[in-house]
Amino acid sequence: MKQDDFEDYKKAVKQYYEKEKEGNFSSFLLQPSRANLRKLCVERFKENTNSDDLNTFAIFMGFEFKPEHRNRLKESTDRFRTIENFLKGTTDSNDLETINLTAILVDFPSRPFLKFVKHQNGQKYVPTDFKLGEEVNKHETIQPKQIEKRASKRNKLILGLLGFIALFSIGYTAKSLVLPHKECMQWQEDRYVEVDCQSETSNLYSSSSVIPYDDNISKLKKLTVTDTTTFFNGDKAIIWYSKVNGYPEFFNGPGFHPATGKGLRPVTDYIIDKYVKK
């Protein structure tokens, strides 16, 4: 992901918000509080069958959007804090899924980010599903040799694809046997640990929810910092924090605090001087 493309995407979403907040959902967007954004989210997804949008929601929230999950969504209202701050201009966000969900809430048409980039480069955004073979124009006259040639080409393509699938399946099965990948994870002490979704959690970590496995979120780790820790790369913060009981806890990247659900903020000189050096 190129940072320049991402910055252009954020700018375009923000500009579209300025237009959309005067539209049909102005009651939610003129005052984009966490509660209003959560209510708007329900409205946007009521009859939404867009697979990209549904995937964005699941990644951002940690569960699928379903009518029976409304109470669960209400309990996760604080997750909309980063979107609220982004729209109000209080703080910026470098989290891709945060901006993708923001794009859904303001109904930005060129979403998600990949679609925006392809449109910017004059490329066609290809859906994830595809049809094998070639579509034939019903009005085109096809000679027998052409039919035979196309059939042969299609058969070779099918055989090649089946061979690839077979090899992939064998490799994936072998990998699963040696290194089984669990579908859920749980925050334990200072990092996410893969766990079985249906297994009983350890009493030591019973307060931490078991959530669907997400490769990006799984990389989040809690850090122990000192006055010799490198906090910045140039002017850019590489350590993030969130306060718990008035004291900051530090992490290796952006996201949400695993216990409180509050958005992580990039560290500042003020926080370092007040809590680390002191």
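The buried residues of helix H6 (81-88) are Thr 82, Ile 83, Glu 84, Asn 85, Phe 86 and Leu 87; buried means under 20% relative accessible area, exposed over 50%, and partly exposed in between, with a 1.4 Å probe and protein chains only. The model is predicted: local features need pLDDT of at least 70, side-chain atom pairs count only at pLDDT 80 or more, and totals for chains, interfaces and linings use all residues. Residues are numbered from 1 along each chain as its sequence is written, and side-chain values use heavy atoms, leaving out hydrogens and water.

**Overall fold**

- The protein chain has 10 helices and nine strands. These are DSSP runs numbered from the N terminus: helices are H or I with at least four residues, strands E with at least two.
- Of its 278 residues, 33% count as buried.
- Contact means heavy atoms within 4.5 Å. Among contacts in the protein chain with a separation of 6 or more, 55% are between residues 24 or more positions apart.

**Helices H6 and H3**

- Six of the eight residues of H6 are buried, so H6 is largely enclosed by the rest of the structure.
- The cover over the buried residues of H6 includes H1, H3, H4 and H7.
- Just after H6, Gly 89 has a positive phi of about 80°.
- Helix H3 (residues 34-45) has 12 residues, which should span 16 Å at 1.5 Å a residue; its end C-alpha atoms are 17 Å apart, which agrees. The expected span is 1.5 Å times one less than the number of residues.
- Buried in H3 are Asn 36, Leu 37, Arg 38, Leu 40, Cys 41, Val 42, Arg 44 and Phe 45.
- These buried H3 residues pack against H1, helix H2 (26-29), H4, H5, H6 and H7.

**Nonpolar cores**

- A nonpolar core is a set of buried Ala, Val, Leu, Ile, Met, Phe, Trp, Tyr and Cys residues joined through side-chain atoms within 4.5 Å.
- The largest nonpolar core has 33 residues; Tyr 9, Phe 57, Leu 73, Phe 80, Ile 83 and Phe 108 have the most contacts inside it.
- H1, H2, H3, H4, H6, H7 and helix H8 (113-120) each give at least two residues to this core.
- Leaving aside neighbours within four places in sequence, Leu 73 is in contact with Arg 38, Val 42, Phe 57, Met 61, Phe 63, Phe 65 and Phe 80.

**Pockets**

- On a 1 Å grid over the protein atoms alone, a pocket is an open set of points where a 1.4 Å probe fits, with protein on both sides within 12 Å along at least five of seven lines; lining residues have an atom within 4 Å of a point.
- The largest pocket holds about 1,300 Å³ of space. Grid points are joined across faces, edges and corners, and a volume is the space filled by probe spheres set on the points.
- The largest pocket is lined by 43 residues; Arg 79, Tyr 192, Ile 217, Gly 255 and Phe 256 lie nearest its centre.
- Helix H1 (3-20), helix H4 (51-61), helix H5 (70-75), helix H7 (96-105), strand E3 (210-212) and strand E6 (236-237) each supply at least two residues of that lining.
- H4 gives the largest share, three residues.
- The lining of the largest pocket has 20 nonpolar, 14 polar and nine charged residues. Nonpolar covers Ala, Val, Leu, Ile, Met, Phe, Trp, Tyr, Cys and Pro; charged covers Asp, Glu, Lys and Arg; the others, Gly among them, are polar.
- The second largest pocket has a volume of about 380 Å³.
- It is lined by 19 residues, with Asp 92, Ser 93, Trp 240, Leu 264 and Pro 266 closest to its centre.
- H6, E6 and strand E9 (265-266) each give two or more residues to the lining of the second largest pocket, and H6 gives the largest share, three.
- By class, the lining of the second largest pocket has six nonpolar, eight polar and five charged residues.

**Backbone exceptions**

- Most residues other than glycine have a negative phi, and most peptide bonds are trans.
- Arg 111 and Pro 112 are joined by a cis peptide bond, with omega about 0°. Pro 112 is in the loop between H7 and H8.
- Asp 107 is also in the loop between H7 and H8. Its phi is positive, near 60°, and at 33% relative accessibility Asp 107 counts as partly exposed.
- Glu 189 is in the loop between strand E1 (184-188) and strand E2 (191-195). Its phi is positive, near 65°, and at 60% relative accessibility Glu 189 counts as exposed.
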